[in-house]
Protein chains: 2
Amino acid sequence: MIALDVMGGDRAPDATITGAIRWARSTGSKPILVGDLTIIHQLLDRGGEDPAAWTSVSAPVTVGMDAQPVKAIRSLPDASIRRCAELVKSGQAQALVSMGNTGAALAAGVIVVGRATGVERPGLAALLPGGPKPTLLIDVGANVEARPEHLRDFGLMGAIYQQQTFGIVEPRVGILSNGEEITKGSPLVRDAAVLLTESPLAFIGHVEPAVLYGDTADVIVCDGFTGNLVLKSLEATAEFAFDEVRKGVRRHPYALPGLALMYPALRSVRQSTDYAQYGGVPLLGVNGVVIIGHGRSNAVAVVNALNVAANGIRSNLVNRIAEGLTTIRR
Amino acid sequence: MIALDVMGGDRAPDATITGAIRWARSTGSKPILVGDLTIIHQLLDRGGEDPAAWTSVSAPVTVGMDAQPVKAIRSLPDASIRRCAELVKSGQAQALVSMGNTGAALAAGVIVVGRATGVERPGLAALLPGGPKPTLLIDVGANVEARPEHLRDFGLMGAIYQQQTFGIVEPRVGILSNGEEITKGSPLVRDAAVLLTESPLAFIGHVEPAVLYGDTADVIVCDGFTGNLVLKSLEATAEFAFDEVRKGVRRHPYALPGLALMYPALRSVRQSTDYAQYGGVPLLGVNGVVIIGHGRSNAVAVVNALNVAANGIRSNLVNRIAEGLTTIRR
């Protein structure tokens with residue numbers, strides 16, 4: 001079962017309930033709806049669904065987008081994201097999906113769901129769709145600080161995710177660095193590179209950010225501070241590009257037909273940095289499938305996130321990561 | 001006087017000599033030409049200049065783009081970039097300009113020219129032209145590791161550069177972080193933020209990468225590992241955007257007129273991440289003006305870099321940074 005945080009996200013609860021209904025109709029399974037029961041029943045009813053046929057759990061409190069994540073999770077027992085995490089913790093659900101405050105979903109995953117066996121540090125993974133198959137960047141924000149063995153574990157967790165989700169048989173793992181030479185990188189990078197070389201992973205060495213868009217690596221590891229800044233830099237550049245194009249059209253109205261013709265190419269640029277395109281980013285290394293969608297998610301994104309979560313349950317992602325980490329440490 | 005590394009850069013020595021001739025004709029000053037004398041004389045001659053009217057210094061060895069920087073500087077006494085640095089060190093020149101191997105120019109600046117009084121760590125600054133005035137990001141690669149006081153000093157050096165070069169009276173200084181809250185950031189970021197708050201600088205706190213494109217900060221400080229990765233992430237995204245647009249045109253030939261119409265807007269996107277637009281990036285905190293241009297620089301970029309260097313000499317940049325650092329430490 002998947003617990004869906006009905007209250008999280010800029011377009012919730014409309015987008016979340018609509019997404020849940022569409023997903024239920026196409027797959028035949030229903031997620032557990034976690035949120036304000038009155039709203040849930042109203043929206044199900046409006047969507048032509050019988051509320052009695054759905055499992056709903058009352059959690060009327062929404063964690064705001066600018067709330068202090070850890071504090072919110074600890075102090076708000078009725079928060080929808082916390083209740084979702086409790087359902088996973090107790091085994092009533094195997095996965096949770098949230099489009100709400102990323103930090104709060106992260107905190108709920110780490111604190112409430114808890115780490116999987118053998119995992120010291122869960123990592124947040126972003127999927128960058130520039131290449132033929134997405135490149136997974138881990139960690140993009142779960143750990144501001146990390147030790148070399150955490151980066152090696154991120155590599156393993158990311159590789160297992162890529163195997164299970166996209167069928168990449170032997171994922172190529174690189175480490176993000178300020179140069180390709182083995183002498184480059186921070187002490188953390190250099191020490192982690194040694195551990196990755198000794199690991200059973202297909203380690204390809206130091207890689208630079210250009211690789212995020214290519215077909216050179218399937219998994220790229222870094223600490224959460226660096227990964228978060230790199231991801232936000234990609235987003236900021238793509239956002240800036242769109243703004244400039246819009247401004248260009250306003251300044252030169254005769255460019256409007258040009259824009260229309262160029263639209264498919266421009267859309268692919270935007271999608272290339274929209275790491276939510278795959279429905280959401282997985283928090284890897286916790287004791288359940290945790291998928292965190294973008295705050296802007298619409299109903300389609302909610303359907304995608306539910307698919308990703310279902311796939312995580314089906315492929316037994318949590319146990320495979322735990323097994324993998326046990327093997328690597330032997 | 002400015003020492004110009006004639007041999008450095010993908011288009012050297014043509015672009016460097018052509019740039020030097022154009023700059024000399026427009027300003028009435030001549031740089032010292034450092035490189036292979038036979039080539040220099042030939043190209044001056046071909047450009048309609050009398051070689052005898054120019055100062056040339058023999059340094060026939062070029063440091064390749066993939067040479068090991070520190071090793072090259074130490075082991076190649078006849079390398080043009082090393083000779084340029086020696087001219088600055090001995091006082092025969094006050095500035096050097098190189099379009100060659102960035103690492104080698106950096107090493108020549110730090111090892112041969114040497115640190116300015118009061119400077120512990122020179123920082124490499126990139127100018128990002130997204131906003132109305134460029135935002136200066138420092139350090140983008142001189143120091144893979146840094147301590148909090150180095151980040152504070154980068155803020156001061158960057159602020160002085162922005163004052164002297166772009167007339168920004170009170171530059172706003174931010175620190176690059178994974179969130180705007182004061183509780184965010186690595187320990188380095190949090191400790192440096194305390195020092196910046198206590199400093200006389202106009203410190204605006206933690207900033208995220210989106211600020212690189214706005215008019216929120218004039219100077220953004222970070223360690224050289226993070227800055228290098230952020231800069232390369234911006235470049236990779238802009239590069240990817242251009243490739244996608246090109247591919248889009250190839251797939252949809254009817255989009256070609258669209259591309260032509262959109263060109264001004266797209267060009268502005270590319271320029272926004274082309275930190276070499278201002279002629280080159282300054283290495284701040286060394287005992288002379290060191291301007292490092294992009295390897296791809298053409299003659300126009302060489303002229304711009306020479307202008308930046310001349311401005312650095314005229315505004316007494318080196319002494320102002322030394323004075324500023326002495327004041328901040330009192």
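This is a predicted model: local features need pLDDT of at least 70, side-chain atom pairs count only at pLDDT 80 or more; totals for chains, interfaces and linings use all residues.
B:Thr55 is located in the loop between α2 (37–46) and β3 of chain B; helices (H or I, at least four residues) and strands (E, at least two) are DSSP runs, numbered from the N terminus. The C-alpha atoms of B:Thr55 and B:Leu33 are separated by 6.3 Å, although the two are 22 residues apart along the chain. With a relative accessible area of 41%, B:Thr55 is partly exposed, given that buried means under 20% relative accessible area, exposed over 50% and partly exposed in between (1.4 Å probe, protein chains only).

In chain B, 11 strands form an open sheet of mixed pairing, in the order β3-β2-β1-β4-β11-β10-β5-β6-β9-β7-β8; two strands pair if DSSP finds at least two bridges between them. The edge strands of this sheet are β3 (56–58) and β8 (202–207) of chain B, each of which pairs on one side only. Neighbouring strands are turned against each other by 25° on average, direction ignored. Strand β1 (residues 2–5) and strand β2 (residues 32–35) of chain B run parallel and are joined by three bridges, and the bridge partner of B:Asp5 in β2(B) is B:Val34.

Helix α1 (residues 14–27) of chain B lies across β1 and β2 of chain B and runs at about 150° to β1(B); axes are lines fitted to C-alpha atoms, for helices over the stretch in contact, and angles run from 0 to 180 degrees between N-to-C directions. Helix α6 (residues 148–166) of chain B lies across β5 (123–128), β6 (135–138), β7 (172–176), β9 (219–221) and β10 (281–284) of chain B, running at about 160° to β9(B).

Helix α4 (residues 80–89) and helix α5 (residues 102–113) of chain B pack at an angle of about 30°, their axes being 9 Å apart. The crossing of α4(B) and α5(B) is right-handed, a crossing being left-handed if the near helix is turned anticlockwise from the far one by less than a right angle, and right-handed if clockwise. On the side of α4(B), B:Ile81, B:Arg82, B:Ala85, B:Glu86, B:Val88 and B:Lys89 meet B:Ala104, B:Ala105, B:Ala108, B:Val112 and B:Val113 of α5(B). The residues of this contact divide into eight nonpolar, no polar and three charged, where Ala, Val, Leu, Ile, Met, Phe, Trp, Tyr, Cys and Pro count as nonpolar, Asp, Glu, Lys and Arg as charged, and the others, Gly among them, as polar.

Chain A likewise holds an open sheet of 11 strands with mixed pairing, in the order β3-β2-β1-β4-β11-β10-β5-β6-β9-β7-β8. Its edge strands, each pairing on one side only, are β3 (56–58) and β8 (202–207) of chain A, and the twist from one strand to the next averages 25°. Three bridges join the parallel strands β1 (residues 2–5) and β4 (residues 95–98) of chain A, with A:Val97 in β4(A) as the bridge partner of A:Leu4. Helix α5 (residues 102–113) of chain A packs on this sheet, touching β4, β5 (123–128), β10 (281–284) and β11 (289–292) of chain A, and its direction makes about 170° with that of β11(A).

B:Ser233 counts as buried, at 0% relative accessibility.

Over all chains, the structure holds two aromatic pairs; rings of Phe, Tyr and Trp (its six-membered ring) pair if their centres lie within 6.5 Å, and planes under 30 degrees apart count as stacked, over 60 as edge-to-face and the rest as tilted. The rings of A:Tyr213 and B:Phe240 are stacked, because their centres are 4.5 Å apart and their planes at 20°. This pair joins two chains, because A:Tyr213 lies in the loop between β8 and β9 (219–221) of chain A and B:Phe240 in helix α8 of chain B; both A:Tyr213 and B:Phe240 are buried. A:Phe240 and B:Tyr213 also form a stacked pair, at 4.5 Å centre to centre and with 20° between the planes. A:Phe240 lies in helix α8 (residues 224–251) of chain A and B:Tyr213 in the loop between β8 and β9 of chain B, so this pair joins two chains. A:Phe240 counts as buried at 9% relative accessibility, and B:Tyr213 counts as buried at 9% relative accessibility.

Methods: Residues are numbered from 1 along each chain as its sequence is written. Chains are lettered from A and ligands numbered from 1 in the order in which they are written. Side-chain values use heavy atoms; hydrogens and water are left out. Contact means heavy atoms within 4.5 Å.
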